[in-house]
Structures are given as C-alpha cells and as structure tokens.
Amino acid sequence: LLLLMGIMEFGRIFGAYLLVTHASREGARLAAVGRPYTEVQQKVINKVGMLNVKDLQVIITPSQSQRKSGEDIKVTVQYKIPIYAPIVQRMIPNPFSMQSYTFMRVE
C-alpha cells in the first residue's frame with residue numbers, strides 16, 4: 001500500500017513539475033520579445049493546465065522598464081502541490097514546493 005501511494009504521489013508531483021517547467025519556458029519566450037508582465041503571467045497560467053492557479057507564483061526579473069536587448073531575462077514559476085496520501089505526508093513536506101526558472105536573451 002505504501003509503495004502504491006508513493007508511486008501515485010510521485011506521478012502527481014512529477015507531472016506538476018513538467019507543467020511548471022513548460023510554463024516557465026513559455027513565459028520567458030513572451031517576456032524576451034517584450035510582452036508586458038500581465039500577458040506573460042496569463043500565458044503561464046494558461047499553460048499550467050490542471051494545476052491550481054492560486055498556488056502559483058510568477059516572478060519576472062528584470063522588470064519591463066529595465067529590460068535591454070541582448071541581456072537575459074529570468075522567468076520563475078513557483079508552485080505548491082498538496083500531498084494527499086497520509087503515509088507520504090509524513091515523509092515529505094506538505095504542500096510540496098517546486099520551482100522552475102528559465103533564462104532567455106531579450107530580443
């Protein structure tokens with residue numbers, strides 16, 4: 001039973017991590033071509049699919065007014081996924097925090 005619950009929770013966490021990683025890449029691409037923060041944030045939210053957006057945080061550095069062509073921009077997406085299996089909750093923190101960030105050169 002422990003093994004089955006562990007496999008299920010690992011699958012949920014890994015799936016969420018893949019969505020967060022993909023969303024950070026999509027957001028970084030938009031930010032690199034000069035899109036405003038609100039548009040980048042909406043794109044990230046659209047790309048996370050089934051994840052709960054209230055537990056999602058998008059951080060873009062530097063701000064739009066400080067972006068210069070040829071320099072890097074960093075889009076960080078942070079997410080806290082709840083752990084449902086009671087046995088697994090004792091082994092890893094609940095909610096489990098994850099983040100992914102992507103650097104792209106501003107065009």
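Colleague: How many salt bridges does a search of the whole structure find?

Modeller: The general idea is that side chains of opposite charge can pair when their charged atoms come close. In this predicted model, a search of the whole structure finds four salt bridges. One of them joins Glu 107 and Arg 29, whose side chains meet at 2.7 Å, N to O. Glu 107 sits in the segment after β3 and Arg 29 in helix α1, so this pair ties together parts that are 78 residues apart in sequence.

Colleague: Which side chain meets Arg 105 in a salt bridge?

Modeller: That partner is Asp 72, with a distance of 4.0 Å, N to O. The pair links distant parts of the chain, since Arg 105 belongs to strand β3 and Asp 72 to strand β2, 33 residues apart. Arg 105 is exposed at a relative accessible area of 55%, while Asp 72 is partly exposed at 44%.

Colleague: Which side chain meets Glu 39 in a salt bridge?

Modeller: Arg 35 does, at 3.4 Å, N to O. Glu 39 is partly exposed, with a relative accessible area of 35%, and Arg 35 is partly exposed as well, with 38%.

Colleague: How many positive and negative side chains does the protein have?

Modeller: There are 13 positive and 7 negative side chains, and the centres of the two sets lie 3 Å apart.

Colleague: In what order do the elements run from the N terminus?

Modeller: The protein has three helices and three strands, and the order is α-α-β-β-α-β. The C-alpha trace spans about 55 × 20 × 15 Å along its principal axes. Among contacts between residues at least 6 apart in sequence, 61% join residues at least 24 apart.

Colleague: How should I read the span of helix α1?

Modeller: Helix α1 covers residues 2-32, and at 1.5 Å a residue its 31 residues should span 45 Å. The end C-alpha atoms of α1 are 45 Å apart, which agrees. Just after α1, Gly 34 takes a positive phi of about 95°.

Colleague: Which elements do the buried residues of α1 pack against?

Modeller: They pack against α2 (37-47), β2 (72-81), α3 (86-89) and β3 (96-105). The buried residues of α1 include Glu 9, Ile 13, Val 20, Gly 27, Ala 28 and Leu 30.

Colleague: Take Ala 28 as a case. Which residues is Ala 28 in contact with, leaving aside its neighbours within four places in sequence?

Modeller: Ala 28 is found in helix α1. With those sequence neighbours left aside, Ala 28 is in contact with Ile 73, Val 75, Thr 102 and Met 104. Ala 28 counts as buried because its relative accessibility is 0%, and the cut-off for buried is under 20%. For a distance along the chain and in space, take Ala 28 and Lys 43: they are 15 residues apart in sequence and 10.0 Å apart, C-alpha to C-alpha.

Colleague: What share of the residues of the protein counts as buried?

Modeller: Of its 107 residues, 31% count as buried. The protein exposes about 6,700 Å², and carbon and sulfur atoms supply 57% of that area.

Note on methods. Residues are numbered from 1 along each chain as its sequence is written. This is a predicted model: local features need pLDDT of at least 70, side-chain atom pairs count only at pLDDT 80 or more; totals for chains, interfaces and linings use all residues. Side-chain values use heavy atoms; hydrogens and water are left out. Helices (H or I, at least four residues) and strands (E, at least two) are DSSP runs, numbered from the N terminus. Buried means under 20% relative accessible area, exposed over 50%, partly exposed in between (1.4 Å probe, protein chains only). Contact means heavy atoms within 4.5 Å. Accessible areas come from the Shrake-Rupley method with a 1.4 Å probe; for residues, only the protein chains shown count as cover. Lys and Arg count as positive and Asp and Glu as negative; His and the chain ends are not counted. The place of a charge is taken as NZ of Lys, CZ of Arg, CG of Asp or CD of Glu. The expected span of a helix is 1.5 Å times one less than its number of residues.
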